[in-house]
Amino acid sequence: MPWTVKTPPASYPVDLETALDHLRLGGDDGGHNARVTAALAATTTIIERDIDGAMVQRTIVAHYDGFPGADDELTLPISPAIAVVAIKYLDADGVEQTLSTDVYRADVVRRPGRVTLQPGQSWPETRRLTGAVTVEYTAGYAQVPDDLVAAVQLLTAHLFENPEATSSLKLNAIPMGVDRILREHRRVRL
């Protein structure tokens, strides 16, 4: 299902000072800050795509064509989910409504997160329209796990020190330790 970032993360999983320290670089010597920041940005994108997740908190809006069947759930596309902010839908008349929190339960413990019906409740009827239901939720870690921080540092150093080896984002050029860490965070695809 399509999704958009409503509120982007306020930072990278590793701040510039920590990345510079990891690379044993001090200050802005020869434009290192800009190159390290670019490597941090690329690293964050690569890792988050690899794990289908968000390391740093952000607000996501997931779009669905309607509610699922009575026994089904809405799966949240980006993990880890922290909290559902609101579920909005276009009713049968095309008027936007907000689904009461009494109707659904947000399961943010499971990965991927999901939205299910409360006992005795049913999904409302929606207009037959692409994107008739939107779920706004917060995703990311309150504190990025240490192993993901290590993966960010390793891959940032690799991109910084070997820009020509990864200029076309040849993922086979990623250090083995990074791949090993990310394996633990990848979503299982059925």
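**Stop 1**

Select β3 (74-75), β7 (residues 114-117) and β6 (104-107). In this predicted model, these strands make an open sheet of three with the order β3-β7-β6, paired antiparallel. β3 and β6 sit at the edges with a single partner strand each, so one side of each has no neighbour in the sheet. If you wonder what holds such strands side by side, strands of a sheet pair through backbone hydrogen bonds, either parallel or antiparallel.

Now zoom in on β6 and β7. How many bridges join them? Four, and the two strands run antiparallel. To see one of these bridges, click on Ala106, whose partner in β7 is Val115.

**Stop 2: a salt-bridge network**

Stay with β7 and show the side chain of Arg114. It meets the side chain of Glu73 in a salt bridge, at 2.8 Å from N to O. This pair links distant parts of the chain: Glu73 is in the loop between β2 and β3, Arg114 is in strand β7, and they are 41 residues apart. Is Glu73 buried, exposed or partly exposed? With 24% relative accessibility, Glu73 counts as partly exposed.

Asp107 is buried, with a relative accessible area of 9%.

**Stop 3: a cluster of rings**

The structure holds two aromatic pairs. A quick tip before you look: a pair of aromatic rings is described by the distance of the centres and the angle of the planes.

Select Phe67 and Tyr89. Their ring centres are 5.5 Å apart and their planes are at 65 degrees, so this pair is edge-to-face. Phe67 lies in the loop between β2 and β3 and Tyr89 in strand β4, so the pair ties together parts that are 22 residues apart in sequence.

Phe67 and Trp123 form a stacked pair, with 4.9 Å centre to centre and 10 degrees between the planes. Trp123 lies in the loop between β7 and β8, so its pairing with Phe67 ties together parts that are 56 residues apart in sequence. Phe67 and Tyr89 are both buried, and Trp123 is buried too. Taken together, ring pairs link Phe67, Tyr89 and Trp123 into a cluster.

**Stop 4: β4 and its partners**

Tyr89 was in β4, so select that strand, residues 81-90. Which strand is joined to β4 by seven bridges? That is β8 (residues 133-139), and the two run antiparallel. Find Ile87 and look across: Val135 in β8 stands opposite.

β4 also pairs with β5 (residues 96-98), in the antiparallel sense over three bridges. β4 and β5 form a hairpin with five residues between them, and Gly94 in the turn has a positive phi of about 85 degrees.

**Stop 5: Glu136 in β8**

Move along β8 to Glu136. Glu136 forms a salt bridge with Lys6, with the closest N and O atoms 3.1 Å apart. Lys6 is in strand β1 (residues 3-7) and Glu136 in β8, so the pair ties together parts that are 130 residues apart in sequence. Glu136 counts as buried, at 18% relative accessibility. Leaving aside residues within four places in sequence, its contacts include Thr59, Ile60, Val84 and Val85.

**Stop 6: Val56 in its loop**

Jump to Val56, in the loop between α2 (32-51) and β2 (58-64). Its relative accessibility is 13%, so Val56 counts as buried. Val56 and Pro9 are 47 residues apart in sequence, yet their C-alpha atoms are 5.9 Å apart in space. Not counting residues up to four places away in sequence, Val56 touches Pro9, Tyr12, Glu48 and Ala139, among others.

**Last stop: helix α3**

Finish with α3, residues 146-161. At 1.5 Å a residue, its 16 residues should span 22 Å, and the end C-alpha atoms are 22 Å apart, which agrees. Several residues in α3 are buried, including Leu148, Val152, Leu155 and Phe160. Show Phe160 together with Arg35: the charged end of Arg35 sits over the ring of Phe160, 4.2 Å from its centre.

Notes:
Residues are numbered from 1 along each chain as its sequence is written. This is a predicted model: local features need pLDDT of at least 70, side-chain atom pairs count only at pLDDT 80 or more; totals for chains, interfaces and linings use all residues. Side-chain values use heavy atoms; hydrogens and water are left out. The expected span of a helix is 1.5 Å times one less than its number of residues. Buried means under 20% relative accessible area, exposed over 50%, partly exposed in between (1.4 Å probe, protein chains only). Two strands pair if DSSP finds at least two bridges between them. Contact means heavy atoms within 4.5 Å. A salt bridge is a side-chain nitrogen of Lys or Arg within 4 Å of a carboxyl oxygen of Asp or Glu. Rings of Phe, Tyr and Trp (its six-membered ring) pair if their centres lie within 6.5 Å; planes under 30 degrees apart count as stacked, over 60 as edge-to-face and the rest as tilted. A charge sits over a ring if NZ of Lys or CZ of Arg is within 6 Å of the ring centre and within 35 degrees of the ring normal.
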